[in-house]
Amino acid sequence: MTREMTHDGPDADHRLDGMAQGVLGRGEPRPEGALKVTGRAVYTGDQQAPGMVHGALVRATITRGRVTTLNSATVLEMPGVLAVIDDPRLVRFSGQGATTKPPKADAAGVVYHGQPIALVVAETLEQARHAALRLTVDYAEEPGAVTGPEDPAAEVELPQKKQSETGAPDAALEAADTVIDRIYRTASMSSAPMEPHASLAEWQGGKLVLHSTLQMLASAQGQVAAALGIEPEDIRILAPHVGGGFGSKLGISPETVAAAIAAQQMRRPVSVVCTRPQSMETTSRRSETLQRIQMGADDEGRLTMIGHEALVSNLPGQKFSEPVQQATHFTYEAAHRRVVHRVARVHRLVAASVRAPGEAVGATAFECAMDELADKLGLCPVALRLRNIPKVEPGTGRPFSSHKLAEALTEGARRFGWEHRHASPRARREGEWWIGMGMSSLVRVNTVMEAKARVSLSLDGTALVETDMTDIGTGSYAILSQIAAEMLGLPMGSVETVLGDTDLPASSGSGGSFGAASTGSAVYLACLELRSRLAEAMGCPEPELTLKDGHAIHDNRKVPLSTLMGGAAMQAEGHLIPGEAEDKARQATWGAAFAEVGVNAITGEIRVRRMLGTFAIGRVLNAQTARSQALGGMIWGIGMALTEELVHDARDGHIVNRDLAEYHVPVNADVPALEVHFLEERDDWAPMQAKGIGELGICGAGAAIVNAVHNACGVRVRSLPMTVDKVLAGLVEAEADQG
Amino acid sequence: MHVTLTINDTKHSLDLDPRTTLLDAIRSHAGLTGTKKGCDHGQCGACTVMVNGRRINSCLSLAVMHDGDAVTTIEGLGTPEALSPLQAAFLETDGFQCGYCTPGQICSATAMLEEIRAGWPSHVSETLDGPALPTEAEIAERMSGNLCRCSAYPNIVAAIRLAAAEREDAA
Amino acid sequence: MRAFDYIRAGSCKDALAEAETPGTAFIAGGTNLLDLMKHEVMTPARLVDISRLDLRGITLTDAGLRVGALVSNSDLAADPLVRRHWPLLSRALLAGASGQLRNKATTGGNLLQRTRCYYFYDTAMPCNKREPGSGCAAIGGFNRIHAILGASEACIATHPSDMAVALRALSAEVELLAPGGGRRQVPLAAFYRLPGDTPHVETVLEPGEMIAAVLLPPAEGGRQIYRKVRDRASYAFALVSVAACLRMEQGRIAAAALAFGGLAHMPWRSADVEGTLIGEVPSAALFDRAADLLLAEAKGQGDNDFKIPLARRTLAAVLAEATAEDTEGDRA
């Protein structure tokens, strides 16, 4: 039996609040945690298969053109080398998420420097890697490579759907009492999960069994099928543990397809584990952005005009473009608005979703501009934001599903001690360090995806949750178990959750902060179905049935579940279908970030001293894993603000710093004590009243740091990351101004 | 080449290509895949193991150079049924998310606490001759060779402080 | 990684004899060599493992401190004598790499670290250091981490070591063993070479020569400071670093030794800079003059132009700290 729900509107029932077990929302430890801390959790690259051989990708060393010859003969003579594969089905970069459309094939056609063009297969890893480095390649280069979005030769497209204008923005700006018109830049960035992209492919009687580092298995199955020209049913993908993804594992990657083709050709299992440079260079990246933000405000600080123009980049023909202005439409009120979105066609690694595509960079830049406006108006930055919160969605007039920005701002300010901030920069100094505070709003659109899950109840009083959902560190194992435990009245230890296998019901997968609410709802629905059957056996309406500690309770009657089950295990599926709810109301998560930083007055070095985030995400499913997600998001904000930049060589577009020594993700010493506070909330428009938390932290947190740096030392850096060279230039300039 | 490694008190006699790193020997030849490969170039710390009691990046070491050495990996520190104090502390504070860097973090922390106990100073130590203490700042600095992209850093520091405090209590 | 023959040396004599075969490299800690071998930036045909040789001692002699080439960076940083008399060296070591790497990296190997230039590491790019005559991709490329002093048309790479910067300020010497049984001592000042037309030749080491020890002259009293500016709070290479040994007498600078990292192909030291300081009463104007002398010939490549003001300011801050009257900080 399947319990379906189409998500068409609000649900004020809040059934989960009426359950008796009391495990949902609690900071339950991760059920798979003991495996992870003891090294027993098996990831893709840990898999071995009898007879397994190794593949190593070969990299293009031109920016644009065609491979004419792979000089395979010499490497085929090298010890252990089995094959050089240049199958036309090999793909050029990673696929996008939530689509069964595979990434572009024909890897011999080179569209960016570093693109994989072939796979060398050998008996051992050492042999394969060596041969791949030694393979020489002849190319027919094509002129006209465009290596950067601001190259005048770049073709620029304006996708119609992403442009909008309301009122008379130019006139409004002209008439405004106070105006901000600034250019901000954010850098190209890498997801850089700790686990490199990897696949192990094995063909078992015409069926492909694929262990792969993927976030969304069902759509990836479709991508692999289309890439190879086989049926999805003939592919099984396994990913019970994924070592982080952050968007880079939403779609399949070149090594996925290469492993599958090689295994078919070799008739042996083939493992392809990307090297760290390959993991950064052949998958996907976040586009750099150039953003022009215009604001007009009256004397009281009410926005009259909002303008947000963005230039992003992607390869020719790619539909994805970093949705920079996604939240600009509804975050603040203003009668006159304009959004312009340009995509430059460049020959760089494909751009795709990286943690919070859109708001991560868009809200960050916008929140920097808000700080500049507050400064100009002589207004407290928190007050400026409070003054501009819309009551309904600007432009559409839709209601907000829930809206806690005001509370997030005021509660955050109170907890952080915002009142101790000096309004003017350069007011607080400790030795060589300027100290300052900054803040920003946090906003992220919220969405659900179709998801299925199966829940089985056994006579021994245990439950099994099964879905192809992944746990990429997000806490899926914990929260899905908790939902089932809560709904079925079982202790956490009596629920097992099995994930990461396409033979199981297709979930939403992990991405876009939609995993917990979407797949969680599928589990919830399956449990609701089981509850109905138990209630029937109990002879009571389902809403009146209390389930707790393995017993059903109603009307002073308490019965073990097994008694109600009629001697047979029970099973149900839940199926969540996105419906009209998303169109009827504007759904988003809200929060605020506050930061205190030190800026070294001599060197321009920045140290984040403390940071606090308030988060309104609807129902919190697991207080501990939600907090960890919030922390992670905020720390990504630190990385975006201070250290992370994927550098492309201006001459050929290749990624210069394609490793973890030179692509600087924050290290432990960069991160101070952080505080996270969740606002109690139920969002009726969200199934289970729960929304996503994986991305909200990064959607503005970097701006709190940028703004704090200004408050500390008076330097505005409008190009992220704020490395010492940029801060230093500002310090030197400020000193010169002061004579 | 023939190499004998004692990994977690068990002798492994392995026949290896001299190019095989200690990391690959542990993972692919001894079959202990708890130790992870994150970058293979000493830039992330996921491969951290202890050799003769000291933490090192096993990716930047040849297995043949460790003939006869005693290696401790994450599997040797504890089991799901019998967690080491640090493993239990990581679980308690949610000192990880995806778990991929975690074995390296825990091996690193295990040896790092011994370095503190031995009085080794760090970059953030006020003086070079003062007692080394497991403060937040000291732990953060000493653990900076272990990247965590999920960014569980505050919880990692909390876990290590917890385990260090428990050890103090026990001592 | 290219296949190689592995030979474990039982003695220095064996090691030196093995090294007479062309294409041989010594390996000790391996933290840099294996990194480069995996990328096939370095492709030795033979590796002589010297990690078990008896070159691990740290001994105090009348001539100063003798540090065996195989002493790990961790052991050297934690050594009580070093901490007490050469705190600059401890500080520099502790500012470098990570706990894990310092446990493996050796004193000799640290001196021989190769540059972190992105283009040196990427075999698809021209690099005169990796492949003489192929060109320099860093010039005109992304050169934020590159040299502002002593660079050439052929190479603008920097030396990445922190330890070597401290040793340069401490006037260390390097003891070398030659295959024929010879032994020579080279001041660090003469050990490194500027890139010139031959950036692939980085030191005066002759083929087959091996570093046996580093010798530190007795520490002069006074303040010792190592200051490193980098892109992260930890675990990143220096953009600019300053090593200072400075002694004050009656309000004047009596002795000054200053070395700089992140600026050049080798740890940089300037007699002019030190000369202008000695005998003077510290002041901002004096520090400025010192910086003028240091940076008179400095040349930015675009992305690294900021190193010029950064070096100036960092030097001034270090000098201010070193000449301050308070008693905090490391003293020899």
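**The sheet in chain A**

I found an open sheet of seven strands with mixed pairing, in the order β4-β6-β2-β14-β11-β12-β13 (chain A), where strands are DSSP runs (E, at least two residues) and helices are runs of H or I of at least four, numbered from the N terminus, and where two strands pair if DSSP finds at least two bridges between them. This is a predicted model, in which local features need pLDDT of at least 70 and side-chain atom pairs count only at pLDDT 80 or more, while totals for chains, interfaces and linings use all residues. Residues are numbered from 1 along each chain as its sequence is written, chains are lettered from A and ligands numbered from 1 in the order in which they are written, and side-chain values use heavy atoms, without hydrogens and water.

I noted β4 (81–85) and β13 (235–238) of chain A as the edge strands, each pairing on one side only. I then followed β11 (198–204) and β12 (207–212) of chain A, which pair in the antiparallel sense over six bridges; Ala201(A) has Leu210(A) as its bridge partner in β12(A).

**The contact between the chains**

I looked up the contact (heavy atoms within 4.5 Å) and found 51 residues from chain B and 56 residues from chain A in it. The rule finds five salt bridges across this interface, each a side-chain nitrogen of Lys or Arg within 4 Å of a carboxyl oxygen of Asp or Glu. I also recorded the salt bridge of Arg30(A) with Asp94(B), whose closest N and O atoms are 2.6 Å apart.
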